[in-house]
Amino acid sequence: MTSSGPSRKDRPAGARQHRLEKLRRRSGLTPPPSALPHTHDGENGVSVDCGWGRLVFCQTYADNDSIAAALKDEGEDRRDIAVYVRDPHVLLALAPTELFLDPSHTYRLDLESFKASRAKLQGITIRRLSSAADARAVNRIYRANSMVTVDPDYVWKRRDSRVITIFVAEDDESGDIVGTVTGVDHGRAFDDPQKGSSLWCLAVDPRARAPKIGEALTRHLALHFQTRGCAFMDLSVLHDNEAAIALYERLGFARVPFFAVKRKNPINETLYTGRSMEADLNTYARIITGEARRRGIAVDVLDAEGGFFRLTHGGRSIVCRESLSELTSAVAMSRCDDKAVSRRLMEKVGIPVAQAVSADDGAAVEALLEASGEVVVKPVRGEQGRGVTVGIKDTETLASAIRAAREQCPDVLVETFMPGDDLRVIVIDGKVIAAALRKRPSVIGDGTSPIRKLIEGLSRRRNAATDGESHIPLDAETARCVADEGFSLDDVLPAGKAIDVRKTANLHTGGTLHDVTGELHPSLVEASIKAAKALDIPVVGLDFMVESPDSENFIFIEANERPGLAHHEPQPTAERFVDLLFPQTARKDETE
């Protein structure tokens with residue numbers, strides 16, 4: 001394509017700027033000169049710092065050169081976003097090696113026609129962020145959703161900002177913060193003549209029991225901006241986030257033709273490099289390969305379905321299957337795999353274990369049930385909670401549980417049941433790196449839905465939150481657990497009523513992890529290190545039943561030679577694993 005007119009280079013700068021402003025004003029995206037804000041970042045434009053990065057409002061900048069300069073000034077470990085880019089092709093042409101077009105859609109909700117829902121989300125209260133603890137909880141949720149984190153002090157100090165509003169969703173029963181959303185008022189940011197607003201950082205705790213928290217936060221923010229007199233609320237959503245797009249469209253959002261541009265950086269890498277070799281790995285493998293790539297360690301996927309990959313750096317090459325590496329010996333692996341063997345090892349070094357008998361000894365099994373009143377059945381070999389039945393109180397259920405366990409392994413143990421919390425401790429290179437309570441999956445009634453439907457909804461959310469690793473089966477064991485609570489799967493659970501739907505807290509069957517690393521009793525730390533040493537294993541996940549994390553009353557349950565390192569936020573499990581494999585790549589402050 002050719003042009004007979006003067007080139008951009010030949011036109012006077014003032015004429016170009018006047019022409020651009022005229023075009024933007026005509027499109028309704030640029031405020032008149034009198035409304036333009038004070039200069040920021042050395043340019044005639046407004047950017048709003050959200051803690052994780054800046055929102056660069058392109059309609060307030062004089063030209064694309066100014067926008068490009070603002071994006072190039074991005075801080076370390078931040079994610080700036082240029083929004084309402086009218087001419088993305090021109091902006092990208094100015095810095096093609098540094099900038100890229102964000103593969104997201106912009107959606108808009110017309111607040112003038114928006115109608116608030118009368119239905120209240122049971123068991124959840126939505127309120128403004130109001131304490132430093134709230135700010136830390138928001139950061140935890142960001143981290144759990146692989147979002148860029150913020151300095152909690154930064155958020156807390158700006159809690160009264162007239163431009164940025166942060167809402168949190170609080171679980172009424174536990175007091176935990178289980179969701180958050182951030183809103184930006186464009187009118188207060190730069191006297192937006194269109195009276196716009198936007199939604200950012202909608203995030204829900206993957207462990208949350210209640211459904212529709214994200215929807216409730218979106219509605220609450222929309223009502224907030226509607227009350228302020230805003231005309232619309234915009235948001236940006238990745239083009240392939242089908243679940244989120246379906247929600248927004250159901251709420252009345254419509255797609256609008258605006259674009260966003262970001263700077264190429266490690267945080268944004270997956271958005272502009274295309275599908276990676278590791279994309280088919282599960283989340284437990286990807287957390288390791290991602291950390292390895294950040295350090296410049298080469299990754300070669302050997303078998304994505306099986307979770308096998310090779311890491312290579314400086315002449316050293318190690319094959320891993322998730323967190324199981326060539327540094328773990330076959331002997332150590334077999335000690336963990338055989339629960340009877342690991343039990344004997346723990347007894348030998350003085351770590352308390354549950355009383356147990358072989359399921360083949362009928363008389364001993366019957367005597368153990370009678371003496372303890374409640375037992376646990378588990379296959380001697382197995383993982384991910386398969387074949388494990390907890391809280392057995394009668395001989396009929398016991399016989400059924402033994403049959404189910406034998407489908408996983410012919411050798412079965414029957415153990416005494418200890419009430420309390422299920423604790424997972426991760427030990428890497430002889431040090432306790434993370435500890436988390438594993439809580440059983442539970443649902444909260446809404447007064448209208450059958451328990452079966454509530455479980456299906458929770459299972460979908462857990463599945464999405466764990467990249468397909470967690471699923472609550474609607475099987476005989478789930479039906480038994482629900483029956484123990486006094487209901488059937490087809491009963492409607494009263495509003496606000498919460499029940500456990502599994503007796504085990506395994507992540508793969510719907511359980512959730514809650515970090516308690518800083519709360520561990522010294523005797524638990526000592527026992528964990530002693531157990532790893534007895535097993536002679538460099539990386540291990542140890543399961544204990546505890547009265548509480550800060551109690552010295554506990555029993556050893558089992559050891560896992562391939563523990564999942566994901567979902568232990570904020571503990572650096574993947575970082576310490578890669579340190580073990582390639583110590584020369586560890587940061588100096590992490591090795592001291």
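Strand β14 (residues 308-313) and strand β15 (residues 316-321) run alongside each other as an antiparallel pair joined over six bridges, where strands are DSSP runs of E of at least two residues, helices are DSSP runs of H or I of at least four residues, and both are numbered from the N terminus. Two strands are said to pair if DSSP finds at least two bridges between them. The model is predicted, so local features need pLDDT of at least 70 and side-chain atom pairs count only at pLDDT 80 or more, while totals for chains, interfaces and linings use all residues. Residues are numbered from 1 along each chain as its sequence is written, and side-chain values use heavy atoms, with hydrogens and water left out.

The strands β13 and β14 form a hairpin with four residues between them, and G307 in the turn has a positive phi of about 85°. Stepping back, we find four strands in an open sheet with antiparallel pairing, in the order β13-β14-β15-β16. Because β13 (298-303) and β16 (324-325) stand at the edges with a single partner strand each, one side of each is left without a neighbour in the sheet. Helix α10 (residues 283-294) lies across β13 and β14, and runs at about 15° to β14; such angles run from 0 to 180 degrees between N-to-C directions, and axes are lines fitted to C-alpha atoms, for helices over the stretch in contact.

A second kind of arrangement is the packing of helix on helix. Two packed helices are described by the angle between their axes and the distance between the axes. Helix α11 (residues 330-337) packs with helix α12 (residues 339-348) at an angle of about 95°, and their axes are 5 Å apart. This makes α11 roughly perpendicular to α12, in a scheme where angles under 35 degrees count as roughly parallel, over 145 as roughly antiparallel, 65 to 115 as roughly perpendicular and the rest as oblique. Where the two helices meet, R335, C336 and D337 of α11 are in contact with K339, V341, S342 and L345 of α12, contact meaning heavy atoms within 4.5 Å. Sorted by class, this contact has three nonpolar, one polar and three charged residues, with Ala, Val, Leu, Ile, Met, Phe, Trp, Tyr, Cys and Pro counted as nonpolar, Asp, Glu, Lys and Arg as charged, and the others, Gly among them, as polar.

A residue is called buried under 20% relative accessible area, exposed over 50% and partly exposed in between, using a 1.4 Å probe and protein chains only. Five of the five residues of strand β3 (residues 81-85) are buried, so β3 is largely enclosed by the rest of the structure. Strand β3 pairs with β2 in the parallel sense over three bridges, and L55 has I81 in β3 as its bridge partner. In β2 (residues 54-57) lies R54, which counts as buried at 11% relative accessibility, and its side chain reaches the backbone oxygen of A70 at 2.5 Å.

Another arginine, R480, lies in helix α16 (residues 476-484) and counts as buried at 16% relative accessibility. Leaving aside neighbours within four places in sequence, R480 is in contact with T389, V390, G391, T397 and K503. The side chain of R480 also makes a polar contact with the side chain of E477 at 2.9 Å; a polar contact is a pair of N or O atoms within 3.5 Å, where within protein one must be able to donate a hydrogen and the other to accept it, and residues adjacent in sequence count only if both atoms are side-chain atoms.

Finally, the backbone itself deserves a look. Most residues other than glycine have a negative phi, and most peptide bonds are trans. C201, in strand β9 (residues 196-204), has a positive phi of about 55° although it is not a glycine. D429, in the loop between β21 (421-428) and β22 (431-439), likewise has a positive phi, near 55°. A cis peptide bond, with omega about 10°, joins E569 and P570, and P570 is placed in the loop between β27 (554-560) and α18 (573-581). Eight of the nine residues of α18 are buried, so this helix is largely enclosed by the rest of the structure.
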